[in-house]
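The following exercises are to be worked with the sequence and the coordinates at hand. Each task is followed by a stepwise solution.

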Amino acid sequence: MNVVKPPNVIRTSGLGSCVGVVLYDEISHTAGMVHVMLPDSCLAKADIINRAKFADTGIQALIHELERRGIRPGRLKAKIAGGAQMFHFKSGSDLMKIGPRNVAAVKEQLQMAHIPILSEDTGGNSGRTIEFDPITFLLHIRTVNKGEQTI
Amino acid sequence: MSYIDKIQPIHLDILKETGNIGAGHAATSLSTLLNRKIDMKVPNVRIVPFAEMMELTGGSEKEMVSVSLRIEGEAGGNMFFMLTIEEADRFIQKLMADESFTFREQDTYPIGFSAMQEMGNILSGSYLSALGDFTRLKLQPSVPELAVDMFGAIISYGLLEISQYSDYTIVIDTILTETDEENAETVKGHFFLFLSPDSFPVLFDALGAGYDK
């Protein structure tokens, strides 16, 4: 989890099934990002968990962090990218279908927090590197196989 | 206490030997297939945080060609055989005697992709069967899948199961290199083996090393 203000940008590289969730405030030009690896903290099998990697606890933690910096949750907007399905192993493990599940869980959490998703680039079968600029509020996405785009 | 905290130096040595035996067999297969000299480095077995794992082999954004498979049976895990795109290109160019092949153009030479997948299949098959013989565990590989993408995006699949337990992983990294007549390294391939957390006790039991469950 990371929070930035200009001139800094926020970036995460090599997203596969993970989802990069950017929450930002247009007034203070503040943006934060969590890197969601798993859809729900109930999947954790350890006593002490890293809240940032689950959709539910990670998004909550980011909202709180931004609130602590004086940004009301009502002002936040979201852009999300990631959640690819890179492999199709015929395996009993649900974890292999994790990309779409991460995306669904992120959307559910954002809806519950009443944060609108202004744009998204999710799913597919390519890895992504994403970069968010808190001045322009644009999310730049680079993939190996499908080129670049800005949303 | 996380399973990682129970790992002792002797366990890491066992994992290193496991990687050694597996990759040793894979190197022999590769050498037979290409009729060339293949060298193997001593496996690197380490406990690393995820963030550091993502930076191995040149960063999470580095474009790689990977053949990966799931291991199921008495012990579970994920295995990846990875080359950079440039190395994979050279590898297939030699194999097919076609200098124009590249993994950057997916549709031009489907046969090269197929050859890579088969190569990965043979290599990981020899790795796993050696592992199975050594441990006497029944291990079944899934059909391998080829991916041309960013290192982080691919390798994170190997970490999913582990991420339910911890933010650290035990990585068994073995490097195979092909050397040409002048002994210059031309192709370097990484084997990454990630075992599921609940496979460690099974593996250590099978090899007669105590492990505090």
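A residue is buried if 20 or more other C-beta atoms lie within 10 Å of its own, exposed if 12 or fewer, and partly exposed in between, with C-beta atoms placed from the backbone. The model is predicted: local features need pLDDT of at least 70 and side-chain atom pairs pLDDT 80 or more, whereas totals for chains, interfaces and linings use all residues. Residues are numbered from 1 along each chain as its sequence is written, and chains are lettered from A and ligands numbered from 1 in the order in which they are written.

**Exercise 1.** Describe the span and the packing of helix H1 of chain A.

Solution. Step one: H1(A), residues 55-68, has 14 residues and reaches 20 Å from its first C-alpha to its last, close to the 20 Å expected at 1.5 Å a residue; the expected span is 1.5 Å times one less than the number of residues. Step two: the buried residues of H1(A) include A:Ile59, A:Leu62 and A:Leu66. Step three: the buried residues pack against strands S1 (2-4), S3 (19-25) and S4 (30-36) and against H2 of chain A. Step four: just after H1(A), A:Gly70 takes a positive phi of about 90 degrees.

**Exercise 2.** Characterise the side of chain B that touches chain A.

Solution. Step one: residues are in contact if their C-beta atoms, placed from the backbone, lie within 7 Å. In this sense 26 residues of chain B are in contact with 28 residues of chain A. Step two: strand S3 (63-73), strand S6 (145-150) and helix H5 (151-163) of chain B each supply at least two residues of that side. H5(B) gives the most, with nine residues. Step three: by class, the side of chain B has ten nonpolar, nine polar and seven charged residues. Here Ala, Val, Leu, Ile, Met, Phe, Trp, Tyr, Cys and Pro count as nonpolar, Asp, Glu, Lys and Arg as charged, and the others, Gly among them, as polar.

Note on methods:
Two residues are in contact if their C-beta atoms, placed from the backbone, lie within 7 Å. Helices (H or I, at least four residues) and strands (E, at least two) are DSSP runs, numbered from the N terminus.
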